[in-house]
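Subject: Structure for you to look at

Dear colleague,

I am handing over the structure below, together with some notes on what was found in it. Please read them with the model open beside you.

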Amino acid sequence: MLIRKYKPSDCKELTELFYDTVHTVNAKDYTEEQLCAWAPGIPDTEKWNMSFLRHYSLVAVENSIIVGFGDIDKTGYLDRLYVHKDYQRKGIASKICDALENSVKCDIVTHASITARPFFEKRGYVVLKEQQVERRGFLLTNFVMIKKRG
């Protein structure tokens, strides 16, 4: 598996991976309405691309298939971390997360879904608070989590 920097030509494939992953992997923790609010069928790829370009964004590739991606900003906010629904539990998220965490020296904060919370807890993140976030008129539970450095 290769982990490389994001390029704009990846964007469409990343938004499709995001949609498919949310609608399958997260389905055990969220309702269908919540999933559709979180990951609508038609993403704003221009907005996604701009966000990826502003952040340190990485893509995991295996056999020419993008199997995961993640991004972090300069303040240590780990924005996204997603692994293809067919490549779960193979260490891909850990490898991407290692590289993202190593790119900053400060504490790292993420807003983890119910599904992702155990993954981050195993990595030493602690919950600061549970919160409800509104997406397209629906409330979704997530957790503000931090990993202290040094």
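A charge is taken to sit over a ring if NZ of Lys or CZ of Arg is within 6 Å of the ring centre and within 35 degrees of the ring normal. Please keep in mind that this is a predicted model. With that criterion, Arg80 lies over the face of Phe52, at 4.3 Å from the ring centre, and the charged end of Arg80 also sits over the ring of Trp48, 5.0 Å from the centre of that ring.

Phe52 itself belongs to helix α3, which covers residues 45-54, and with a relative accessible area of 2% the residue is buried, because buried means under 20% relative accessible area. Once its neighbours within four places in sequence are set aside, Phe52 is in contact with Tyr6, Leu14, Ser57, Phe69, Asp71 and Arg80. The C-alpha atoms of Phe52 and Lys5 are separated by 9.8 Å, although these residues stand 47 residues apart along the chain.

The aromatic side chains deserve a look of their own. The count of aromatic pairs comes to 10. One of them joins Phe18 and Tyr82, whose ring centres are 5.0 Å apart and whose planes stand at 90°, so this pair is edge-to-face. That pair links distant parts of the chain, since Phe18 is in helix α1 (residues 11-25) and Tyr82 in strand β4 (residues 77-83), 64 residues apart. Both partners are buried, Phe18 at 8% relative accessibility and Tyr82 with a relative accessible area of 13%.

Strand β2 (residues 56-62) pairs with strand β3 (residues 65-72) in the antiparallel sense over seven bridges, and Glu62 has Ile65, in β3, as its bridge partner.

How values were computed. Residues numbered from 1 in each chain as written. Predicted model: local features only at pLDDT ≥ 70, side-chain atom pairs only at ≥ 80, totals over all residues. Heavy atoms only, no water. Phe/Tyr/Trp six-rings, centres within 6.5 Å; stacked < 30°, edge-to-face > 60°. Helix = DSSP H or I, 4+ residues; strand = E, 2+ residues; numbered from the N terminus. Buried < 20%, exposed > 50% of the residue type's maximum accessible area, 1.4 Å probe, protein only. Contact = heavy atoms within 4.5 Å. Pairing = 2+ DSSP bridges.
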